[in-house]
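Subject: Structure handover

Hello,

Here is the structure you will be taking over. My notes on it come after the model.

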Amino acid sequence: MIDKVLVADRGEIAVRVIRSLRELGIKSVAVYSEADRDALNVMLADEAVCIGPADIKNSYLNFSSILSAVSITGAGAIHPGYGPLSENLEFAEACQNSGVLFIGTGVDTMSLMADKIASKNEAKKAGIPVVPGSETALTDEREALNIAESLGFPVILKAVGGGGGRGIKVVLERVDFLDTFHAAKREAQDYLKNPEIYVEKYLDNARHIEFQIVSDNMGNVIHLGQRDCTIQRRYQKIIEESPSPVIETELSDEMGEAAVKFARSVGYSNLGTVEYLVMDDGKYYFSEMNTRIQVEHTVTEMVTGIDVAKWQIMLAFGEKLKLRQEDVEYKGHSIECRITAEDPFEFTPSSGIVTKYNAPGGPGVRVDSAIYAGAYVNPYYDPLIVKLITLSRDRDGAIKRMHRALSEFHIEGIDTTIPLFKKIMKDPEFIDGYRDIRFLDKYI
Ligand code: ADP
């Protein structure tokens, strides 16, 4: 029986995982860079080990430091959070080779989902509609242009090894295609060490709808409903809600069943997220499957009452999924705002000491924070500092509650995106359910 887990991520997700570990009676080990010495997860964990300097390559991405921390502390498993190690195949293999359990899906399914083309082809085989696009990686510019033309402009270029919105470029017209194609290849090589690009039809007015998959090592798979993540900035989610303001139950059930069918067809285990793009007319297309716990797992937890983070750990330990699909009940509406340390309208990063910190409370309010009064927000990492989540009987109530909670939130010493979220909560278009991923353009 594993009685100690090392949490190999930083920020609020490290705190989140430590909380679930404590409730499960499992000891936690935090790892931190020199820049994160005073971080909240370091204070809350049972043990903490410094794994290197601020530079991420030499600390949070340093496999040997992390695996040394495992052997020093005697941890039996690693939770990778949702950061750079969570979908890193080499890291999962290094864990396997060192005899430490990686809390996530198996290496085979992780490898399949990391390849965005292969996973789409697999979805197609399972009979699930996929976003129209190339079925192989594109190297030749002529071939790429031919495919783009047959799809019809606008098209979207994506890196085969991409994720987190990186390496995505929209091409509106044919004249811009070749330049953008070469730029995308160069960027994919520089940032992802893999120059492979693929092309998809750009789906105008699409919504991003995803399903939380939960499965055990024995082939039992269910979903925990949908999340609408259409409010994005640069292809990165900033507000998520469950359920979607517009997707009808019947369509949602169909998409959920398809997500489960897909997970089953590839022998998926542990937590995963099936992502779709959905059009106005209800047509939906599989886009990809993420193999980690997502930032926005919280809204699913709020409406289902299920501790997703806890289940992820228990399933990795080999426990059987006791819940059946028909046991999952959805109550109310939940919204999450990802509050970052940035200027609220220019999005320039902000760092410094948090001189005042007063978090909201009251009914239906959840604060998943990485900071506290006196904390230093350093400039080195992802700017996400707090997730603010509300739950209410209906969407209108969740929005009003979010506005109330944002108004109570006082963070001083650094800039945060709280003022932006306050505006959005009063925006008639948001209240009305908004249309597509370009909603945020007017604020930037
Ligand atoms: P990543 O894995 O980097 O997050 P995704 O494939 O999930 O990339 O795409 C991120 C976002 O980009 C989606 O949520 C959606 O808003 C937008 N997007 C992706 N593919 C398309 C497409 N074919 N048409 C329109 N928008 C798209």
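This is a predicted model: local features need pLDDT of at least 70, side-chain atom pairs count only at pLDDT 80 or more; totals for chains, interfaces and linings use all residues.

Residues are numbered from 1 along each chain as its sequence is written, and side-chain values use heavy atoms, with hydrogens and water left out.

Five strands form an open sheet in the order 3-2-1-4-5, with parallel pairing. Helices (H or I, at least four residues) and strands (E, at least two) are DSSP runs numbered from the N terminus, and two strands pair if DSSP finds at least two bridges between them. Strand 3 (47–52) and strand 5 (101–102) are at the edges with a single partner strand each, so one side of each has no neighbour in the sheet. Strand 1 (residues 4–7) pairs with strand 2 (residues 27–33) in the parallel sense over 4 bridges, and V7 stands opposite A30 in strand 2. Helix 3 (residues 63–73) packs on the sheet and touches strand 1, strand 2, strand 3 and strand 4 (77–79); contact means heavy atoms within 4.5 Å. The direction of helix 3 makes about 150 degrees with that of strand 3.

Helix contacts. Helix 4 (residues 89–97) and helix 5 (residues 107–114) pack at about 170 degrees, with axes 10 Å apart. Axes are lines fitted to C-alpha atoms, for helices over the stretch in contact, and angles run from 0 to 180 degrees between N-to-C directions. Helix 4 is therefore roughly antiparallel to helix 5 (angles under 35 degrees count as roughly parallel, over 145 as roughly antiparallel, 65 to 115 as roughly perpendicular and the rest as oblique). L89, A92, E93 and Q96 of helix 4 meet V107, M110 and S111 of helix 5.

Helix 5 and helix 6 (residues 116–125) pack at about 100 degrees, with axes 5 Å apart, so helix 5 is roughly perpendicular to helix 6. Here L112, M113 and A114 in helix 5 meet K116, A118, S119 and E122 in helix 6.

Cavity. There is 1 cavity of 30 Å³ or more. A cavity is a set of points on a 1 Å grid over the protein atoms alone where a 1.4 Å probe fits but cannot get out; lining residues have an atom within 4 Å of a point. The largest cavity holds about 40 Å³ of space, a volume being the space filled by probe spheres set on the points. V214, I222, L224, I306, W311, L321 and L323 line the largest cavity.

Regards

Methods
On a 1 Å grid over the protein atoms alone, a cavity is a set of points where a 1.4 Å probe fits but cannot get out, and a pocket is an open set with protein on both sides within 12 Å along at least five of seven lines; lining residues have an atom within 4 Å of a point.
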